[in-house]
Amino acid sequence: MNALETATTVATSGLYRAAVGCYLLLIALLFAWLVWVAPPPATLRSLLLVVFLLPLLLGLRGVLNRRRYTLQWTGMLSLLYFIHGMLAATGGFPQRWLGAAETVLAIGYFGSAMLVLRRGKQAHKAGQAEG
């Protein structure tokens, strides 16, 4: 088992960095989408910022601290952003490209996080078998 891999945290790897990159870019994309690129009406803007960004911001600390459980639930959460991105990708011009980017980032995060967790589980089992 990797020295940085524990029962509650995952090791820093290229896949982990890819997952964090996708997660941070997803937050940035949604913020830019709702504030600058294609903002909703002013009366809905604050509500939509809370609905779309709060769940991601709640998981940010755990993702940056490599917490296994946080990677699990934020991975499942990213599937909601995948669905939203797919729906937005079928819309008009600005939403089409933003939705496609959201879809790619959500799937990128989901895939990277799940592979990080899977490798960590395999390393943990191998370490138990040796010890």
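View 1. F31 is partly exposed, because its relative accessible area is 35% and the term covers values between the two limits of under 20% for buried and over 50% for exposed (1.4 Å probe, protein chains only). W36, with a relative accessible area of 60%, is exposed. Rings of Phe, Tyr and Trp (its six-membered ring) pair if their centres lie within 6.5 Å, and planes under 30 degrees apart count as stacked, over 60 as edge-to-face and the rest as tilted. By this rule the count comes to 2 aromatic pairs. The ring centres of F31 and W36 are 5.4 Å apart and the planes stand at 80 degrees, so this pair is edge-to-face.

**View 2. The aromatic pair of Y23 and Y109.** Here the ring centres lie 5.0 Å apart and the planes meet at 50 degrees, so the pair of Y23 and Y109 is tilted. The pair links distant parts of the chain, since Y23 belongs to helix 1 (residues 14-37) and Y109 to helix 4 (residues 93-130), 86 residues apart; helices (H or I, at least four residues) and strands (E, at least two) are DSSP runs, numbered from the N terminus. Both Y23 and Y109 are buried.

**View 3. The salt bridge of R68 and E5.** A salt bridge is a side-chain nitrogen of Lys or Arg within 4 Å of a carboxyl oxygen of Asp or Glu, and the structure holds 1 of them. The side chains of R68 and E5 meet in it, at 2.5 Å from N to O. R68 lies in helix 3 and E5 in the segment before helix 1, so the pair ties together parts that are 63 residues apart in sequence. R68 and E5 are both buried.

View 4. Most residues other than glycine have a negative phi.

**View 5. A nonpolar patch on the surface.** V50, L54, L58, Y69 and W73 form this patch, with about 540 Å² of accessible area together. Patches are made of residues with over 30% relative accessible area and no salt bridge, like charges being joined within 9 Å and nonpolar side chains (Val, Leu, Ile, Met, Phe, Trp, Tyr) within 5 Å, and accessible areas come from the Shrake-Rupley method with a 1.4 Å probe, only the protein chains shown counting as cover for residues. Helix 2 (42-64) and helix 3 (68-89) each supply at least two residues of the patch, and helix 2 gives the most, with 3 residues. V50 lies in helix 2 and counts as partly exposed, at 47% relative accessibility.

**Notes to the views.** Residues are numbered from 1 along each chain as its sequence is written, and side-chain values use heavy atoms, with hydrogens and water left out. In this predicted model local features need pLDDT of at least 70 and side-chain atom pairs count only at pLDDT 80 or more, whereas totals for chains, interfaces and linings use all residues.
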